[in-house]
Amino acid sequence: MKKPKIMVVDDNVELCTSVANFLRNRLDCDVVEKFSSPEAMAVLDADTVDVLIQDLQMPLVDGSTVIKRAKERNPDVTAVLITGLSAPQKIRDMESLNVIYLPKPFEMMGLLTIVQRELVGKGIAVIRKPA
C-alpha cells in the first residue's frame, strides 16, 4: 500500500518544520517540507502529492501560483491554503480550485482532521500513529 504524500510549504521555517513533524508523528505518511515556492514547484514537476499545505504570502512566487501548478499537474490534489493575511480577494480567487482556507494561527489538531478527512475522501487509507 502506497503511503499518502503530503507537502508543507511555508517560508517560516519553524512553522513549516513544526507542521511537517506533527503530521509525521501522527500519520503513517510521507511528508515533504519546502521553504520556498520554487522548491515546491520543482517537487510538483517531478512527483505528485495527495495534500498540499501552502502558505499564501511567499517570497518570489505567491502561494496561489504553487496551488494552481499543483492542480494543473494533479486535479485531485487537496490544497490547504494557510495565511495570516486578510486577503479576501485572493481567497475568493482560489475558490474555483476547491482550496481549503485555514487562517493562521491554527490548531494542529484541526489541520490533522482536515488532512485525514481529505485522504479518506479520496479512498486513501489513513493509518494513525498512537499519540
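S37 is buried, with a relative accessible area of 0%. Buried means under 20% relative accessible area, exposed means over 50%, and partly exposed lies in between (1.4 Å probe, protein chains only). This is a predicted model, in which local features need pLDDT of at least 70 and side-chain atom pairs count only at pLDDT 80 or more, while totals for chains, interfaces and linings use all residues. Residues are numbered from 1 along each chain as its sequence is written, and side-chain values use heavy atoms, with hydrogens and water left out.

S37 belongs to helix α2, residues 37–46. Helices (H or I, at least four residues) and strands (E, at least two) are DSSP runs, numbered from the N terminus. A polar side-chain atom of S37 lies 2.7 Å from the backbone oxygen of V61. Not counting residues up to four places away in sequence, S37 touches Q54, M58, V61, D62 and V66. Contact here means heavy atoms within 4.5 Å.

## The sheet

Five strands make an open sheet, in the order β2-β1-β3-β4-β5, and the pairing is parallel. The edges are β2 (30–34) and β5 (100–103); each has a single partner strand, so one side of each is left without a neighbour in the sheet. Neighbouring strands are turned by 15° against each other on average, direction ignored. Axes are lines fitted to C-alpha atoms, for helices over the stretch in contact, and angles run from 0 to 180 degrees between N-to-C directions.

Two strands pair if DSSP finds at least two bridges between them. Strands of a sheet pair through backbone hydrogen bonds, either parallel or antiparallel. In this sheet, five bridges join β1 to β2. Four bridges join β1 to β3. β3 (residues 51–55) and β4 (residues 78–83) share five bridges. β4 and β5 share four bridges. Facing residues can be named for each pair. K5 has D30 in β2 as its bridge partner. V9 stands opposite Q54 in β3. L52 stands opposite A79 in β4. T83 stands opposite P103 in β5.

Five of the five residues of β1 are buried, so β1 is largely enclosed by the rest of the structure. K5, M7 and V9 point one way from the strand, I6 and V8 point the other way, and all are buried.

Helix α3 (residues 63–73) lies across β3 and β4 and runs at about 165° to β3. Helix α5 (residues 108–121) contains M108. M108 is partly exposed, at a relative accessible area of 22%. Leaving aside neighbours within four places in sequence, M108 is in contact with S18, V19 and F22. M108 and F22 are 86 residues apart in sequence, yet their C-alpha atoms are 7.6 Å apart in space.

## Asp47 and Lys5

D47 sits in the loop between α2 and β3. D47 is partly exposed at 35% relative accessibility. The side chain of D47 makes a polar contact with the side chain of K5 (2.4 Å). A polar contact is a pair of N or O atoms within 3.5 Å; within protein, one must be able to donate a hydrogen and the other to accept it, and residues adjacent in sequence count only if both atoms are side-chain atoms. D47 and K5 are 42 residues apart along the chain, and 9.8 Å separates their C-alpha atoms.

## Cysteines

A search of the whole structure finds zero disulfides. C16 is in no disulfide, and the nearest cysteine sulfur, that of C29, is 14 Å away. That distance is too far for a bond. The cut-off for a disulfide is a pair of cysteine sulfur atoms within 2.5 Å. C16 is buried, at 1% relative accessibility. C29 is buried too, at 9%.
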